[in-house]
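Notebook open. I want to go through this structure step by step and write down what I look up.

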Amino acid sequence: MPDFALLEELARLASAGVHGPAEMPFSVPWTKGSPEEAARSVFQYVLRTFGGRQPAQGVSG
């Protein structure tokens, strides 16, 4: 499971751009918006994803 430092690094990388501005390859548009919005969205998306997991799912699947 990523720690906050790793999530911050992931968010920083995402803020630099993940795909072209005319594309949206993801069903959840976490890359949309300004660099700051994209960084915040990726951070929040990962937290929600892990936060919504059930104990039986574990952290790997």
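Entry 1, aromatic pairs. I am working on a predicted model. I searched the whole structure for aromatic pairs and got 1. The partners are Phe 4 and Phe 43. I read 6.0 Å from centre to centre and 15° between the planes. The pair counts as stacked, because planes under 30 degrees apart are put in that class.

Phe 4 belongs to helix H1, residues 4–15, and Phe 43 to helix H2, residues 35–51. The pair therefore ties together parts that are 39 residues apart in sequence.

Is Phe 4 buried or exposed? I looked up its relative accessible area and found 54%. Phe 4 is exposed, because the cut-off for that class is over 50%.

I then turned to how H1 and H2 pack. Their angle is about 140°, and their axes are 8 Å apart. At what angle class does that leave them? H1 and H2 are oblique to each other, because roughly antiparallel would need an angle over 145. I noted the handedness of the crossing as well: right-handed.

Which residues make the contact? From H1 I listed Phe 4, Leu 7, Glu 8, Leu 10, Ala 11, Ala 14 and Ser 15. From H2 I listed Pro 35, Ala 38, Ala 39, Val 42, Phe 43, Val 46 and Leu 47. Both rings of the stacked pair are thus on the contact list, Phe 4 for H1 and Phe 43 for H2. I sorted the contact residues by type and got 12 nonpolar, 1 polar and 1 charged.

I picked out Ser 41, which is found in helix H2. Its relative accessibility is 21%.

I finished with the overall figures. The secondary structure comes to 2 helices and 0 strands. The C-alpha trace spans about 40 × 25 × 15 Å along its principal axes. The protein has 61 residues, and 15% of them count as buried. Residues 24 or more positions apart account for 45% of them.

Definitions and conventions:
Residues numbered from 1 in each chain as written. Predicted model: local features only at pLDDT ≥ 70, side-chain atom pairs only at ≥ 80, totals over all residues. Heavy atoms only, no water. Phe/Tyr/Trp six-rings, centres within 6.5 Å; stacked < 30°, edge-to-face > 60°. Helix = DSSP H or I, 4+ residues; strand = E, 2+ residues; numbered from the N terminus. Buried < 20%, exposed > 50% of the residue type's maximum accessible area, 1.4 Å probe, protein only. Axes fitted to C-alpha atoms, helices over the stretch in contact; angles between N-to-C directions. Parallel < 35°, antiparallel > 145°, perpendicular 65-115°, else oblique. Left-handed = near helix turned anticlockwise from the far one by under 90°. Contact = heavy atoms within 4.5 Å. Nonpolar A, V, L, I, M, F, W, Y, C, P; charged D, E, K, R; others polar.
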